[in-house]
Amino acid sequence: MATKLSLAIIITLLAALHQTTAAQTVHVVGDRLGWLVPPGGPIAYSTWADTQTFAVGDTLVFNFTTGQQDVARVTKEAFDSCDATNPIWLQTSGPVTFTLNSSGEYYFIGTIARHCPLGQKLAINVTGGAPGPAPSSPPSTPSAPVPASERSPVSYVVGDGLGWFVPPGGELFYAAWAANKTFVLGDTLVFNFENGTQNVAVVTKAVYDSCDTNSTIALLTTSPATIALTTTGDHYFTSTYARHCGLGQKLTVSVIGDGSSGPTASPAPIPPPPPPSAPVPTPPRAPITYVVGDRLGWLVPPGGAIAYSTWAYDKTFIVGDTLVFNFPNGTQDVAVVSQAAFVSCDTNTNATVYTVSPVEITLTTPGKHYYTSTYRRHCNLGQQLAIDVIAASGTATSPTPSSTSPESPPSTTTTSTTTTTESPASASTAGGPIPPPTSSAPSYTVAGFFCVTLLSIATAVFF
């Protein structure tokens, strides 16, 4: 009897050990973006979550700057309404680590004013483990397709609770708002804004792209502006106020038919894929000149630093490319700084400063490059740009930890002080340092030793 009991204990301990040695995953929320008001609104974090698989025992790491952000776990209702008055859990000092100790849905938001409505919110679904195979069922008899029923017209409030204004993060904000919506003939757009500060211009695609709003199809100046979608196709909206379009106050929607659809034809059979061939290397591209901020230029941006991070988000910077900083002389400058100075906004020392516009900086080395302004509070208010430059061959090269990459000085600018040669060894993001992916499980060496010990006990008991 004692032998059977000992065997049961050993089996239980081995099973528990196997469970605890299963590697857990550390998920850094937003990856390099960190935890902040994201470019493009909530789609940034929902897109990030779609690429992850969350299991019980995993941990979330929220990287943010203490005093600028916080993170709260809330109910679904509070998540949907951005109600932060009664959070389940709240942390104000970053970085924050949260362990997923049960399966189900988790909801997180930022509680600082307007951060949640602007997109600082994350919803995830945690599973208890790898699901078993689903039971097979006999194939159902195919039936005739049922046409979709016509839905009632929908009234969309543009930007939801934020309304119609110059958005943080540029035009990505309204593009993200429209991305998951279906606009149908008969639907209505409602633009809410403060009278005298905004308007709504219905424009052509050419005007939308160029932001030349001297010619409009229609102009509405009183809020709320209600526009019925009476024709199919693409519709373009912006504002005629100075620089509002260039700063991202623009919306395009694609309108389809009345929402009903008849039976769809069966898709044609997919031909077998062609035999694999040797990969063809991508030819190197010609150097590109990027105008920083495009029409916005180089200034203290609306919405803070997210404006320039959004501008850089979809661009690939390669050695040989050039950055052009446009600004009114005497009101701005461009400082090439170390990562430490970029994060702390300490521009008093170790910076290369350009004071005459336009400033042209050629990217001559791969790695991370940091830019800001030495004017008082400009850096703190968001006039800063960080980019990652890859080698001309197209393969990314990690930056050396000892220096900020030097750029070639522009011929039309003046410089002051000296180029910094100091940078912290560890990379960081807008939200602070990202810890390396680690596991909370014990090491396999210790686990193996424990297993050998248990087996030795079993041998002594049985033999």
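How many disulfides does the structure hold? In this predicted model, the structure holds 3 disulfides. A disulfide is a covalent bond between the sulfur atoms of two cysteines. Counting the bonded cysteines in sequence order gives the pairing 1-2, 3-4, 5-6, and each pair is described in turn below.

The pair Cys 82 and Cys 116 forms a disulfide with an S to S distance of 2.1 Å. Cys 82 sits in the loop between α3 (76-81) and β5 (89-91), while Cys 116 belongs to the loop between β7 (104-109) and β8 (121-127); the pair links distant parts of the chain, 34 residues apart. The torsion about the S-S bond of Cys 82 and Cys 116 is about -70°, so this disulfide is left-handed. Are these two cysteines buried or exposed? Cys 82 has a relative accessibility of 22% and therefore counts as partly exposed, since buried means under 20%. Cys 116, with 3% relative accessibility, counts as buried.

Another disulfide joins Cys 211 to Cys 245, again with S to S 2.1 Å. Cys 211 is found in the loop between α5 (205-210) and β13, and Cys 245 in the loop between β15 and β16, so the pair ties together parts that are 34 residues apart in sequence. A torsion of about -70° about the S-S bond of Cys 211 and Cys 245 makes this disulfide left-handed. Both Cys 211 and Cys 245 are buried.

The remaining pair to describe is Cys 345 and Cys 379, joined by a disulfide with S to S 2.1 Å. Here the loop between α7 (339-344) and β21 (352-354) carries Cys 345, and the loop between β23 (367-372) and β24 (384-390) carries Cys 379; these are distant parts of the chain, 34 residues apart. The disulfide of Cys 345 and Cys 379 is left-handed, because the torsion about its S-S bond is about -70°. Cys 345 counts as buried at 18% relative accessibility, and Cys 379 is buried with a relative accessible area of 4%.

Strands of a sheet pair through backbone hydrogen bonds, either parallel or antiparallel. Strand β15 (residues 233-238) and strand β16 (residues 250-256) run antiparallel and are joined by 6 bridges. Within this pairing, Tyr 236 has Thr 252 in β16 as its bridge partner.

Helix α6 (residues 306-313) gives another view of burial. Of its 8 residues, 6 are buried, so the helix is largely enclosed by the rest of the structure. The buried residues in α6 are Ile 306, Ala 307, Tyr 308, Thr 310, Trp 311 and Ala 312.

Finally, what space lies in the second largest pocket? The volume of the second largest pocket is about 430 Å³. Its lining consists of 20 residues, and those nearest its centre are Gly 41, Pro 42, Ile 43, Lys 121 and Asp 160. At least two lining residues come from each of α2 (43-50), β8 and α4 (172-179). Sorted by class, the lining of this pocket has 11 nonpolar, 6 polar and 3 charged residues.

Conventions. Residues are numbered from 1 along each chain as its sequence is written. This is a predicted model: local features need pLDDT of at least 70, side-chain atom pairs count only at pLDDT 80 or more; totals for chains, interfaces and linings use all residues. Side-chain values use heavy atoms; hydrogens and water are left out. Two strands pair if DSSP finds at least two bridges between them. Helices (H or I, at least four residues) and strands (E, at least two) are DSSP runs, numbered from the N terminus. A disulfide is a pair of cysteine sulfur atoms within 2.5 Å. Buried means under 20% relative accessible area, exposed over 50%, partly exposed in between (1.4 Å probe, protein chains only). On a 1 Å grid over the protein atoms alone, a cavity is a set of points where a 1.4 Å probe fits but cannot get out, and a pocket is an open set with protein on both sides within 12 Å along at least five of seven lines; lining residues have an atom within 4 Å of a point. Grid points are joined across faces, edges and corners, and a volume is the space filled by probe spheres set on the points. Ala, Val, Leu, Ile, Met, Phe, Trp, Tyr, Cys and Pro count as nonpolar, Asp, Glu, Lys and Arg as charged, and the others, Gly among them, as polar.
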